Amino acid sequence: MHMKTVLILLILALATIFALVCVLLTRARTPSACQHQPPEQEDTDDGQSLVFADLTPEEMMQVVQYLQGNLGVQLVDASRAKPSDNCIASVDVQVPAKVEVLRFLDGGGARPPREALAVLYFGNQPDPNVTEYVVGPLPTPVYHRDVTVQKYGGKVPYHRRPTLAVEYKQISGFLKSQVFPTAPSFMRQIMEYDGASLAAMTAAPRGFQSGDRITWFVLFQNVSGFFVHPVGLEVLVDHSSLDISRWLVSRVFYNGQYYRDMVQLESAYVQGRISVEKVRKAPRDGDFSSMKPRAPSAALFPLQYEPQGPRYSVRSNHVLFQAWSFAFGMSVSRGLRLFDIRHKGERVAYEISIQEALSVYGSNCPGGMSTRYMDGSFGIGRYTSPLVRGVDCPYSATYVDTHSLSETLSPSKKKASLCIFEQNLGSPLRRHYSNLQSLYYGGLVNSALVVRSIATVGNYDYIWDFIFYQNGAIEGKVQATGYASSSFLHGDGLRYGNRVWEHTLGTIHTHSINYKVDLDVGGRSRSSFNVCHYAGKPQSFGGDCLLLSRIPNN
């Protein structure tokens with residue numbers, strides 16, 4: 001064959017191969033015609049979801065300035081307030097009554113006035129109390145009304161107020177300057193206390209009968225992950241007086257024995273009448289409690305990939321995903337909440353929101369045995385933390401900043417404290433491989449939209465998820481991580497938990513998570529349900545159940 005002909009055929013063959021490769025690569029990048037592509041849903045919200053929106057920093061400041069100028073009393077910044085001062089504990093949006101909102105959303109009625117709910121502590125009054133005001137209309141408030149009696153059936157006594165961060169600092173100062181110095185030998189020789197080497201963890205509630213404001217404080221080594229480094233010393237502080245100089249210690253507990261105060265403990269130690277358990281001093285990184293990885297990762301973790309970008313949209317506080325749409329917000333006390341949840345344009349729920357996270361502990365130490373944490377009183381939304389890309393949420397997630405005003409006169413910004421992402425669930429929604437008569441395969445990728453926030457309340461990190469599935473299901477999910485709450489291991493302590501370290505007892509406890517679920521399937525409901533998820537964890541075993549209680553709607 002002529003050489004020229006051979007070269008021409010070779011060039012044609014190479015061109016053909018090149019064309020085939022280009023076609024195959026193009027097909028690999030383009031979705032197949034049989035691949036499930038959900039129809040795009042048009043966003044018709046037109047700003048209506050803003051009726052549920054959290055307050056903006058500017059609105060929060062307007063409320064603070066209004067209260068400062070219209071209550072006729074001096075308001076101290078809560079971050080510096082004494083118990084005997086007046087201060088603003090928190091400012092949050094006051095979501096309008098459901099009947100007003102539905103009149104606006106469905107009946108063409110006027111937009112409800114935008115209002116705020118302000119919680120104030122009045123310590124500088126003849127009758128100290130906690131008062132809640134509705135302030136409005138925003139953005140320029142001109143009125144406030146007291147809703148305390150309407151909500152609680154009467155005035156809220158001052159001793160019931162949730163503890164401010166500044167009060168914990170004041171108690172810490174009281175222990176350091178007034179209490180520990182009364183037992184110098186014990187604190188120096190047994191606790192190895194140098195003025196900063198101990199950390200205190202609060203128990204709750206604050207007393208055992210109405211009117212009490214006394215709290216057990218459990219002492220730990222002040223190292224990373226101090227929650228699992230108890231030293232055996234616990235102090236019961238009576239901080240009921242509005243005068244800090246009149247606070248006192250009601251009881252002291254050390255290694256299984258109760259004492260009247262630190263003076264009596266010191267006397268018993270000096271006379272050799274107490275059983276001493278000296279805890280080995282932990283390094284600053286906490287040793288076993290350190291969050292540092294024990295070994296470098298052998299390989300990079302897999303990443304989630306969205307080849308054509310996100311299949312959902314977020315505009316202000318409104319989310320659109322396939323057949324789903326809803327509004328979201330963040331309550332200072334209760335955390336993540338959703339409103340006006342619709343599927344294919346039809347409302348299925350008016351509100352689904354976190355209400356409370358309760359944990360009940362058992363121990364043979366007073367701090368542990370008396371603890372009944374209700375994390376809403378600390379502030380689930382207030383302690384929502386920034387989210388780390390690639391760990392707390394996928395890199396490709398949409399991250400949303402939130403703002404709050406709590407225990408200060410200025411709003412604070414929590415950057416990237418809420419995330420939204422679509423997640424491939426790793427198994428098909430449905431599939432069938434036919435090998436009888438005709439041969440074919442049919443399957444659908446299974447994915448869901450996740451709305452997530454993470455609140456760090458003391459030792460626990462609660463991962464809160466609301467999950468929207470393609471089949472029309474909604475899931476509320478919570479995962480608890482962080483650190484275990486612990487007691488000093490002594491005596492019959494193993495009846496109340498498991499040994500975590502040499503002197504550390506991981507205490508038996510139960511979590512109860514409470515949600516509000518206001519369903520509007522097939523029309524407006526006249527009541528909603530509080531859903532309580534119960535998770536018992538005795539000796540590392542668990543059990544789950546659901547408790548439902550009906551509450552009337554507005």
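**View 1. The hairpin of β22 and β23 in the predicted model.** Four residues lie between the two strands of this hairpin. Among the hairpin's residues, Gly 472 takes a positive phi near 95°. The pairing of β22 with strand β23, which covers residues 474-482, is antiparallel and runs over nine bridges. One of the facing pairs places Asp 461 against its bridge partner in β23, Thr 481.

**View 2. Strand β22 and its pairing with β21.** Strand β21 spans residues 447-457 and is joined to β22 by ten bridges in the antiparallel sense. Ala 448 has Tyr 469 of β22 as its bridge partner. The hairpin of β21 and β22 has two residues between the strands, and Gly 458 has a positive phi near 65° there. Strand β22 itself covers residues 460-469. Because eight of its ten residues are buried, β22 is largely enclosed by the rest of the structure.

**View 3. An open sheet of three strands, β24-β26-β25.** The pairing in this sheet is antiparallel. Its edge strands are β24 (486-488) and β25 (497-501), each of which pairs on one side only. From one strand to the next, the twist averages 40°. Three bridges connect β24 with strand β26, residues 504-507, in the antiparallel sense. Within this pairing, Ser 487 has Leu 505 in β26 as its bridge partner.

**View 4. The disulfide of Cys 393 and Cys 419.** A search of the whole structure finds one disulfide. It joins Cys 393 to Cys 419, with an S to S distance of 2.1 Å. The angle about the S-S bond is -75°, and the link is left-handed. Cys 393 sits in the loop between β16 (372-374) and β17 (398-406), whereas Cys 419 belongs to strand β18 (residues 412-424), so the pair ties together parts that are 26 residues apart in sequence. A disulfide is a covalent bond between the sulfur atoms of two cysteines. Cys 393 is buried, at a relative accessible area of 3%. Cys 419 is also buried, at 0% relative accessibility.

**View 5. Two further cysteines, Cys 87 and Cys 365.** Cys 87 has a relative accessible area of 2% and counts as buried. Cys 365 is buried too, with a value of 0%.

**View 6. An open sheet of five strands, β6-β7-β8-β9-β10.** Pairing in this sheet is antiparallel. The edges are formed by β6 (198-202) and β10 (257-259), and each of these strands pairs on one side only. On average, neighbouring strands of the sheet are turned by 25° against each other, direction ignored. Helix α5, residues 165-179, lies across β6, β7, β8 and β9 (248-254). The helix runs at about 105° to β8.

**View 7. Strand β8 and its two partners, β7 and β9.** Strand β7 (residues 214-221) pairs with strand β8 (residues 230-238) over six bridges, in the antiparallel sense. Here Val 218 stands opposite Glu 234 in β8. Strands β8 and β9 also run antiparallel and are joined by six bridges. In this second pairing, Leu 233 stands opposite Tyr 254 in β9.

**View 8. The hairpin of β9 and β10.** Three bridges pair β9 with β10 in the antiparallel sense. Val 252 stands opposite Tyr 259 in β10. Two residues lie between the strands of the hairpin, where Asn 255 takes a positive phi near 50°.

View 9. Where pLDDT is low, the predicted coordinates should not be read in detail. For the protein as a whole, the mean pLDDT is 89, and 86% of the residues reach 70 or more.

Notes: Residues are numbered from 1 along each chain as its sequence is written. This is a predicted model: local features need pLDDT of at least 70, side-chain atom pairs count only at pLDDT 80 or more; totals for chains, interfaces and linings use all residues. Side-chain values use heavy atoms; hydrogens and water are left out. Two strands pair if DSSP finds at least two bridges between them. Axes are lines fitted to C-alpha atoms, for helices over the stretch in contact, and angles run from 0 to 180 degrees between N-to-C directions. Contact means heavy atoms within 4.5 Å. A disulfide is a pair of cysteine sulfur atoms within 2.5 Å. Buried means under 20% relative accessible area, exposed over 50%, partly exposed in between (1.4 Å probe, protein chains only). pLDDT is the predictor's confidence in each residue, from 0 to 100.
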